[in-house]
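Welcome! Open your viewer, get the selection tool ready, and follow along stop by stop.

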Amino acid sequence: MSDLFDRNADSVNVGSRLASLRQERNLSIRALSRASGLSANALSMIERGRTSPSVSTLYRLAEALQVPVTAFFRLDASREKIVFCKANERTHLPFSRGLWEGLGGERFIGRVEPFMLTLEAGASSGPHGMLHSGHEFVLCLRGQLEYLVEGQHFLLEPGDSLLFAAQMGHRW
């Protein structure tokens, strides 16, 4: 995956962004810990950049902060009606065993917030399922991706896609 990090795209420090979002809402780390179900120590480690949160952790934090998950990746607060995003200018964020890349949703004024996850072989969303607002669209570009949605098992291969309401329990 190292070639993905060589792009000239903007890189975001999710830890400092988390701290900003938390402080904007006048929440202490302990209050966010209670709201998210994550330990105060884990939150502190994320904010200080000592650990990278998993995708499921980001969704838990987004729900607790009442923000879309893309709020962690915004470099500024400006939102636009039309977003043109060149491939080499995507916002990107490495996370545990993967890379998050914005596809314009972090700057879009509308209700859709597309992004792309590139996963290392064997990566997962974690041991627990996720629930969040919106919808999820999954497109497998190469390799295989196993998804579990509300107890249904899906094995995606190159070109396969999956679309579902994100309020349904899911994990990959």
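Start with helix 4, whose buried residues pack against helix 1 (14-24), helix 2, helix 3 (40-47), strand 1 (92-95), strand 3 (115-119) and strand 4 (135-139). Helices (H or I, at least four residues) and strands (E, at least two) are DSSP runs, numbered from the N terminus. This is a predicted model, where local features need pLDDT of at least 70 and side-chain atom pairs count only at pLDDT 80 or more, while totals for chains, interfaces and linings use all residues. Residues are numbered from 1 along each chain as its sequence is written, and side-chain values use heavy atoms, leaving out hydrogens and water.

Now select residues 55-65, which are helix 4 itself: 9 of its 11 residues are buried, so the helix is largely enclosed by the rest of the structure. Buried means under 20% relative accessible area, exposed over 50%, and partly exposed in between (1.4 Å probe, protein chains only). Among the buried residues are V55, Y59 and L65.

Next, pick S36 in helix 2 (residues 29-36). Is S36 buried or exposed? S36 is buried, with a relative accessible area of 7%. Beyond its neighbours within four places in sequence, S36 is in contact (heavy atoms within 4.5 Å) with L43, R60, L61 and A64.

Finally, head for L163 in strand 7 (residues 161-165). Here the relative accessible area is 61%, so L163 counts as exposed.
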